[in-house]
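Here is a short report on charged side chains that pair up. Look at the sequence and the model first, then read on.

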Amino acid sequence: MSNSPEYVPPTVWHWNKENGGRFANINRPIAGATHDKDLPVGRHPLQLYSLATPNGVKVTVMLEELLALGRSGAEYDAWLIKIGDGDQFGSGFVAVNPNSKIPALMDRSGPKPIRVFESGSILQYLAEKFGSFLPTEPSARAECLSWLFWQMGSAPYLGGGFGHFYAYAPTKIEYAIDRFTMEVKRQLDVLDKQLANNEYIAGSEYTIADMAIWPWYGGLVKGWLYGGAEFLAVQDYTHVQRWADAIGERPAVKRGRMVNRVFGDLSSQLHERHDAADFDTQTQDKLTPQS
């Protein structure tokens with residue numbers, strides 16, 4: 001145990017220093033724009049402003065799945081928002097999402113542009129707009145939306161809780177790591193039990209619930225998040241592993257995971273997406289020897 005003196009919170013908290021750790025430079029206790037910067041607008045009906053974090057991947061997977069179904073109205077431009085550089089605090093982005101978080105979507109297909117923010121809201125909006133990946137039968141719809149919002153409520157314990165204190169915090173705090181590890185393992189057990197009797201999260205159909213949960217919990221059990229796979233003994237969650245592998249093999253998921261990606265192997269990165277042919281160009285660029 002630490003021998004450092006116990007922290008006693010002040011009567012009133014004041015922001016007078018960065019909190020340390022990764023991403024400290026973008027954390028602040030106030031909202032709003034820090035600088036003027038317009039957002040680019042492409043030629044497609046849907047304009048996405050994002051980064052390939054788990055929340056961003058949800059939406060690019062959804063869009064690629066819609067296009068795979070032949071929904072031409074789902075064509076989109078995906079613009080890169082570099083959160084480490086503070087792009088999300090530009091005036092244009094704040095106008096689309098006052099919460100300054102990716103992803104953010106502008107639907108320009110109608111007479112008046114519609115802004116949609118929060119990843120779960122974007123998934124539901126697109127599912128309803130295109131009549132896909134969200135059941136219409138009341139019981140099945142309720143099950144799907146329940147799991148969608150399960151993810152929205154649960155993932156902060158995984159990312160902001162476990163991920164932060166295990167991987168990003170400037171000091172290792174045993175209590176915090178133990179607290180959030182216990183919760184993440186409980187969540188994985190919830191999913192494992194659900195998937196023991198269901199092909200997909202909400203039943204026999206692939207839905208926006210899978211698209212929401214897979215980038216977080218599928219990524220976790222495949223070892224892509226926080227370097228914590230061994231620590232969490234993710235191999236024990238065999239049904240989650242089976243589901244994660246099946247989702248990960250879908251061509252639209254592979255494409256969606258590439259979009260707005262700026263980390264990992266270069267062949268997995270497509271910084272911006274403006275046309276389906278961009279994926280072919282990206283692959284060709286990686287196969288062409290550089291002079």
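Is Arg141 buried, partly exposed or exposed? Arg141 counts as partly exposed, because its relative accessibility is 28%. Here buried means under 20% relative accessible area, exposed means over 50%, and partly exposed lies in between (1.4 Å probe, protein chains only).

## About the model

This is a predicted model: local features need pLDDT of at least 70, side-chain atom pairs count only at pLDDT 80 or more, and totals for chains, interfaces and linings use all residues. Residues are numbered from 1 along each chain as its sequence is written, and side-chain values use heavy atoms, with hydrogens and water left out.

## Arg141 and Glu128

The structure holds 12 salt bridges. A salt bridge is a side-chain nitrogen of Lys or Arg within 4 Å of a carboxyl oxygen of Asp or Glu. One of them joins Arg141 to Glu128, with the closest N and O atoms 2.8 Å apart. Arg141 sits in helix H4 (residues 138-168) and Glu128 in helix H3 (residues 119-130), 13 residues apart. Helices (H or I, at least four residues) and strands (E, at least two) are DSSP runs, numbered from the N terminus. Glu128 is partly exposed, because its relative accessible area is 46%.

## Arg273 and Glu75

Arg273 pairs with Glu75, and their closest N and O atoms are 2.7 Å apart. This bridge links distant parts of the chain, 198 residues apart. Both Arg273 and Glu75 are buried.

## Asp87 and Lys37

Asp87 bridges to Lys37 at 3.8 Å between the closest N and O atoms. The two are 50 residues apart. Asp87 counts as buried, at 16% relative accessibility. Lys37 counts as partly exposed, at 42%.
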